[in-house]
Amino acid sequence: ILLPSKEIQNRIASELDKINELIEIKRSQLADLDLLAQSLFYEMFGDPITNPKGWENSTIGDVASVQTGATPSREISDYYIGDIPWVKTTEVQNCDIYETEEHISRNALENSNCKLFPLDTIIVAMYGQGKTRGQIARLKIEACTNQACAAILPCPKLHPLFLYAFLRLSYESLRSIAVGCNQKNLNLSLVKNYTIFLPPILLQNEFAAKLEAIEEQKKLIKSSIKDLRTLF
């Protein structure tokens, strides 16, 4: 290997240490913004499990359409040569989804049980041990999903960001209702029958506007972290 002098190595190491310190500061800022978003929800609506403010209760299925997708046959290679985003549970990581690892073709969509879900659909990971089961995501593109995802379509009584925040804060509760012997999973019926509360839509909209501002700040910080890693 090329071996610079110890002086040059020390200088390089010093620069890399500075970059790492900046990355850690940015990560800390992201954590603070997540806590701010949670505090905002609790302040405006209360605990999503105990509902201390006495909001009207409902089930997800009573106010929104809940559907799932499918996995087109892997034996037909043409099915996976296309431009239609296709979401897997490994990509459902409490995040907004702007792109996917795999895409399917129009032919796959038309010849399988896949459905194209609209922007602002909330995705719930139904399968998976570890931390996957119960995690959520919000579609920022039109996309299909596999059968391990529940898709909660946009509806008039629920702002997508309110529902996203509600379910994210209900992670442990949602995971706990999974059923099965060898591996516990959620299913469409369990997701449809999961209890949520319904504050006035104007209050949900107010919360969403504040949350969007927080998310914009997070997006800028994540972009900065990406640039710092490249610089490193």
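Predicted model: local features only at pLDDT ≥ 70, side-chain atom pairs only at ≥ 80, totals over all residues.
Ala 64, Asp 120, Ile 122, Ile 152, Leu 153, Pro 154, Cys 155, Leu 158, Pro 160 and Leu 163 form the lining of the second largest cavity. That cavity has a volume of about 40 Å³, and its lining divides by class into 9 nonpolar, no polar and 1 charged residues.

**The chain as a whole**

- The chain contains 7 helices and 10 strands.
- Its C-alpha trace spans about 70 × 50 × 35 Å along the principal axes.
- Of the 232 residues in the chain, 42% count as buried.
- If you take the contacts between residues at least 6 apart in sequence, 75% of them join residues at least 24 apart.

**The largest cavity**

- The structure holds 2 cavities of 30 Å³ or more, and the largest of them has about 160 Å³ of space.
- The lining of the largest cavity is made up of 14 residues, and those nearest its centre are Asp 34, Ala 37, Gln 38, Arg 168 and Leu 211.
- Helix 1, helix 4 and helix 7 are the elements that give two or more residues to this lining.
- By class, the lining of the largest cavity has 9 nonpolar, 1 polar and 4 charged residues.

**The largest pocket**

- For anyone thinking about open space, the largest pocket has a volume of about 710 Å³.
- It is lined by 23 residues, with Asn 94, Cys 95, Asp 96, Tyr 98 and Lys 222 the closest to its centre.
- At least two lining residues come from each of helix 1 (6-45), strand 4 (95-97), helix 4 (160-169) and helix 7 (201-231).
- Helix 7 gives the most to the pocket lining, with 6 residues.
- Charged residues account for 14 of the lining, alongside 6 nonpolar and 3 polar ones.

**Helix 1**

- Helix 1 has 40 residues, and the distance from its first C-alpha to its last is 58 Å, close to the 58 Å expected at 1.5 Å a residue.
- Which residues of helix 1 are buried? They are Ile 19, Ile 23, Leu 30, Leu 33, Ala 37, Leu 40, Phe 41, Met 44 and Phe 45.
- An α-helix has 3.6 residues a turn, so residues three or four places apart point the same way.
- The buried residues of helix 1 pack against helix 4, strand 10 (195-198) and helix 7.
- Ala 37 is one of these buried residues, and Ala 37 is also among the residues nearest the centre of the largest cavity.
- Just after the helix comes Gly 46, with a positive phi of about 85°.

- An open sheet of 3 strands has the order 5-3-8, and its pairing is mixed.
- Strand 5 (102-104) and strand 8 (144-145) are the edge strands, each pairing on one side only.
- Strand 3 (residues 84-87) and strand 8 run parallel and are joined by 2 bridges.
- Within this sheet, Val 87 stands opposite Thr 145 in strand 8.

Note on methods. Residues numbered from 1 in each chain as written. Heavy atoms only, no water. Pairing = 2+ DSSP bridges. Helix = DSSP H or I, 4+ residues; strand = E, 2+ residues; numbered from the N terminus. 1 Å grid on protein atoms, 1.4 Å probe; cavity = no way out; pocket = protein on both sides within 12 Å on 5 of 7 lines; lining within 4 Å. Points joined across faces, edges and corners; volume = space filled by probe spheres on them. Nonpolar A, V, L, I, M, F, W, Y, C, P; charged D, E, K, R; others polar. Expected span 1.5 Å × (residues − 1). Buried < 20%, exposed > 50% of the residue type's maximum accessible area, 1.4 Å probe, protein only. Contact = heavy atoms within 4.5 Å.
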